[in-house]
Amino acid sequence: MPKLMKVAGEVDSYCTKCRLVLNHRIVSMKAGKAHQVECLTCRATHLWRAHAPGEKAVPGERPAKAGTSIRVPRVSAAVKHEQTWEKALNGKGPHDFKPYNTGGSFQEGDLLRHKKFGDGLVTRVIDGHKVEVLFRDEARTLAQAMN
Ligand SMILES: [Zn+2]
């Protein structure tokens, strides 16, 4: 679901250096949208790009039109998300988590520990260089095998 954009908030953006859509921090805003963003992976600052060049929204990942999606109350979705996260990590010890870095390689079901986002569960390997990770607050796309 779209989040309200604000300076210092996080947003998905295409990173021109990493060549991936990754988490970025908003540096400046223009017309209510992110303008300049800082890549949380490589720390480069560049203009916000919602998608990779020449790429539209990934089919099947988002509804084609926002108006056609079923609206779910925000609170219940967040609670459900956190329950899923807690269930996945329940009973896991410190040694079950791999420290996350962009050079690491992860598989679906792996548990990882991110310096900033905390503990997460790899829910999907998007491709050789991207994994979807469920963190306590939300799912994020992280880079992998970048070295
Ligand atoms: Zn980057």
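Predicted model: local features only at pLDDT ≥ 70, side-chain atom pairs only at ≥ 80, totals over all residues.
Residues are numbered from 1 along each chain as its sequence is written.

The chain holds 1 helix and 9 strands, where helices (H or I, at least four residues) and strands (E, at least two) are DSSP runs numbered from the N terminus. Along the sequence these elements follow the pattern β-β-β-β-α-β-β-β-β-β.

Strand β7, which spans residues 118-127, pairs with strand β8, residues 130-135, in the antiparallel sense over 6 bridges, pairing being assigned if DSSP finds at least two bridges between two strands. Within this pairing, V122 has V133 of β8 as its bridge partner. Strand β8 is also joined to strand β9 (residues 139-143) by 5 bridges, and these two strands likewise run antiparallel; here V131 stands opposite L142 in β9. The hairpin that joins β8 to β9 passes through 3 residues.

Of the 147 residues in the chain, 19% are buried, a residue being counted as buried if 20 or more other C-beta atoms, placed from the backbone, lie within 10 Å of its own. Among contacts in the chain with a separation of 6 or more, 31% are accounted for by residues 24 or more positions apart, two residues being in contact if their C-beta atoms, placed from the backbone, lie within 7 Å.

Notes
Buried ≥ 20, exposed ≤ 12 C-beta atoms within 10 Å, placed from the backbone.
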